[in-house]
2 protein chains.
Amino acid sequence: MAQEFTIIERYFRDSGLQFSRPGIDLGIGDDCALVSLEPGYQLAMTMDLLQEGVHFPGAAPPALLGQRALAVNLSDLAAAGAEPLCFTLGLSIPGVDQDWLQGFSEGLLTMASRFDCPLVGGDLIQGVLQIAIQAHGRIPTGQALLRSGARPGHLVYVTGTLGDAAAALAMLEAPERPSAADDRQSPFQKSRLSSKQRDHFSRAFYCPEPRVPVGVALRGLASAAIDISDGLISDLGHIVAASGVGAELDVAQVPLSGVLRECVKEEAQLPLALGGGDDYELCLTVAPEHCSAVEDAVAALDVRLTRIGEIVSGNAVQCLNNHGEPVTFEHTGYNHFDSEE
Amino acid sequence: MAQEFTIIERYFRDSGLQFSRPGIDLGIGDDCALVSLEPGYQLAMTMDLLQEGVHFPGAAPPALLGQRALAVNLSDLAAAGAEPLCFTLGLSIPGVDQDWLQGFSEGLLTMASRFDCPLVGGDLIQGVLQIAIQAHGRIPTGQALLRSGARPGHLVYVTGTLGDAAAALAMLEAPERPSAADDRQSPFQKSRLSSKQRDHFSRAFYCPEPRVPVGVALRGLASAAIDISDGLISDLGHIVAASGVGAELDVAQVPLSGVLRECVKEEAQLPLALGGGDDYELCLTVAPEHCSAVEDAVAALDVRLTRIGEIVSGNAVQCLNNHGEPVTFEHTGYNHFDSEE
């Protein structure tokens with residue numbers, strides 16, 4: 001009968017996405033999904049909206065898009081130190097494109113399986129392509145990593161490398177830019193990237209790695225954490241604001257990937273790494289007495305962890321060069337409403 | 001700094017929408033919201049997307065829209081027998097219209113306050129006007145009202161009256177229709193409704209009453225329940241499908257409001273009541289031994305409850321006239337994807 005229900009059944013209910021796991025008592029197909037929590041746990045929840053043309057290119061491959069859409073939500077769970085439990089999907093699509101739905105569903109499944117986080121419900125409507133995902137996780141009561149615990153003297157760390165996703169966006173958007181403007185606006189040294197370089201950046205944007213095991217390992221050790229979605233300076237700014245402190249960043253320490261150093265103009269490297277969003281690495285603060293425990297725990301997970309600064313008294317994030325002198329950068333975060341102001 | 005955060009603070013975090021209540025440990029402003037459940041409870045969750053031009057008219061008054069957007073989600077909680085706990089909001093807006101945001105926020109607050117259901121998080125982006133709400137409720141473990149418990153011999157009931165919201169949609173959309181087609185397509189007897197009639201229909205569409213107390217009272221008594229969002233025949237069809245049964249509807253018993261009888265053409269009354277959606281009344285099935293308890297419990301809440309049919313063996317919803325003869329109606333439910341097929 002209704003195609004809405006057929007699509008939900010084929011691509012979401014019966015596609016493997018709604019697998020069973022402890023805690024999920026009822027999934028797709030009734031008025032509500034039902035979830036149980038063991039005593040001693042809190043439920044963590046986070047919602048992200050993604051819209052075509054704003055958060056991803058119009059021609060985004062559906063499988064990669066599905067993977068990314070769930071990954072960015074799992075990243076918020078990671079930043080709170082929560083283990084994934086289940087997710088809901090509100091999907092608005094312009095029409096019924098079976099190939100697109102198949103790919104998108106498979107992309108979601110890739111992430112859902114890896115993080116044992118089944119789909120349990122949602123909604124499907126016809127409209128512009130927009131993806132709303134709410135991810136749910138569980139966390140032992142009182143152990144969530146918040147933004148508000150940073151204190152002067154705590155050290156600032158980031159996982160992985162920064163700037164790759166912002167470079168990726170420049171690469172993905174390049175075909176739409178007039179070629180005359182390309183050379184100056186492009187962050188890349190050469191107008192053509194090798195296919196290996198393109199793959200690296202494409203993965204950085206579409207397949208960010210939610211740092212879930214890191215978040216879990218940081219419980220009780222990190223004093224504050226956030227995932228880097230808007231850009232390091234902007235997101236560390238949220239920690240600084242919530243904690244009522246300042247921060248000094250040693251920009252020379254900010255970790256860059258080899259591929260980014262290889263093909264991005266030198267003057268564009270730090271702006272991408274400090275101001276570009278979408279990397280979904282974790283930024284954390286740690287009291288000195290916990291630093292070696294944190295470094296060991298993250299090393300045991302084979303994740304790169306770099307100390308990039310220190311929390312100080314104050315109310316802002318200040319960037320310092322390797323002579324300890326303040327430096328500024330033009331772009332300090334992605335803001336969907338900048339163009340309106 | 002970023003206008004995104006200013007909007008969230010002004011209209012959502014500091015507008016009264018994020019009030020405290022037991023169970024909500026952390027709301028807007030961190031990577032995740034944190035919720036606790038007392039032992040012995042399950043969490044019920046439901047998400048609805050609303051898009052301008054599909055689910056509400058383009059010129060919808062923002063306060064009424066806010067009220068409706070939350071109400072339709074609370075209605076899903078009601079249909080499961082859950083008590084509201086909190087909600088999240090994913091809001092996509094084309095630009096920053098302070099009056100619209102103020103009105104929308106106030107409309108949400110009207111419903112949130114009445115049902116003790118604060119806002120705890122979400123996302124805000126720039127895009128076409130689209131509203132994603134996920135409502136969360138709690139329910140004693142194992143007591144949720146499902147769609148799957150109807151058995152032959154159970155009686156079918158509905159709360160309130162049906163068809164008013166569908167008539168309202170015809171009224172709200174009328175200004176956009178060419179006047180030549182109006183007379184035939186309009187369900188109304190006269191081309192102009194009185195302001196009292198207009199108010200009645202406008203309220204039916206924008207201010208549906210989530211039947212939360214009814215849902216709670218039905219725990220352990222109703223064998224199945226659903227809220228009527230797509231239309232009675234379509235939604236009772238979901239109960240029938242989930243329960244593996246059929247249903248016979250005595251269409252003469254379907255409750256119509258006085259205003260609908262007054263101003264809707266006689267031949268349009270039943271099609272609106274049986275096929276029109278958006279009423280958000282509850283449809284329930286009850287085993288004969290619980291009927292008087294259900295009737296008493298709902299009467300004690302001052303809610304109209306009408307017996308409209310019976311569950312039978314079979315696999316479809318059949319409409320019978322007052323001679324017991326099968327009748328059919330053209331529209332049997334709202335389907336966002338009909339136009340695509």
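**Interface, core, sheet and domains**

Reply: In this predicted model, 57 residues of chain A are in contact with 57 residues of chain B. The elements giving two or more residues to the side of chain A that touches chain B include helix H1 (3-13), strand E2 (33-35) and strand E3 (41-51) of chain A. E3(A) provides the largest share, 9 residues.

Me: What makes a residue count among the 57 residues of chain A in contact with chain B?

Reply: Two residues are in contact if their C-beta atoms lie within 7 Å. On that criterion, 57 residues of chain A meet 57 residues of chain B. By class, this side of chain A has 26 nonpolar, 20 polar and 11 charged residues.

Me: Why are E2(A) and strand E3 (residues 41-51) of chain B said to pair?

Reply: Pairing requires at least two bridges between the strands. E2(A) and E3(B) are joined over 3 bridges, in the antiparallel sense, and therefore qualify as a pair. Within this pairing, A:Val35 stands opposite B:Leu43.

Me: How do you know that the two copies are related as by a two-fold rotation axis?

Reply: Chain A is superposed on chain B by a rotation of 180° with 0.0 Å of shift along its axis, and the RMSD is 0.0 Å. The two copies are therefore related as by a two-fold rotation axis. Both copies use the same surface, since 100% of the contact residues of chain A recur in chain B. Among the residues of chain A, A:Pro39 comes closest to the rotation axis, its C-alpha being at 3.1 Å.

Me: Which residues have the most contacts inside the largest nonpolar core?

Reply: The residues with the most contacts inside this core of 220 residues are A:Ala44, A:Leu74, B:Ala44 and B:Leu74. Leaving aside neighbours within four places in sequence, B:Ala44 is in contact with residues including A:Cys32, A:Leu34, B:Leu77, B:His136 and B:Ile139. As background, nonpolar side chains tend to be buried together in soluble globular proteins.

Me: Why are E8 and E13 of chain B called edge strands?

Reply: The open sheet of chain B has 7 strands in the order E8-E10-E7-E11-E9-E12-E13, with mixed pairing. Strand E8 (222-227) and E13 of chain B each pair on one side only, which is why they are the edge strands.

Me: Which residues make up the covered face of E12(B), and which the uncovered one?

Reply: B:Val317 and B:Cys319 form the covered face, while B:Gln318 and B:Leu320 form the uncovered one. In a regular strand the side chains alternate between the two faces of the sheet.

Me: Why is A:Asp278 called buried?

Reply: A residue is buried if 20 or more other C-beta atoms lie within 10 Å of its own. A:Asp278 has 23 such atoms within 10 Å, and so is buried. A:Asp278 is found in the loop between helix H10 (266-275) and strand E10 (282-286) of chain A. Its phi is positive, about 75°, although A:Asp278 is not a glycine. Most residues other than glycine have a negative phi.

Me: How is chain A divided into domains, and what makes up the contact between them?

Reply: Chain A is divided into domain 1 (3-140) and domain 2 (155-340), with 26 Å between their centres, taken over C-alpha atoms. The contact takes 19 residues from domain 1 and 20 residues from domain 2. Helix H2 (62-80) and strand E4 (83-93) of chain A each supply at least two residues of the domain 1 side. H2(A) gives the most to that side, with 12 residues. The domain 1 side divides into 13 nonpolar, 3 polar and 3 charged residues.

Conventions: Residues numbered from 1 in each chain as written. Chains lettered and ligands numbered in written order. Predicted model: local features only at pLDDT ≥ 70, side-chain atom pairs only at ≥ 80, totals over all residues. Buried ≥ 20, exposed ≤ 12 C-beta atoms within 10 Å, placed from the backbone. Helix = DSSP H or I, 4+ residues; strand = E, 2+ residues; numbered from the N terminus. Core = buried A, V, L, I, M, F, W, Y, C linked by C-beta atoms within 7 Å. Least-squares fit on C-alpha atoms with pLDDT ≥ 70 in both. Domains from an automatic or database assignment. Nonpolar A, V, L, I, M, F, W, Y, C, P; charged D, E, K, R; others polar.
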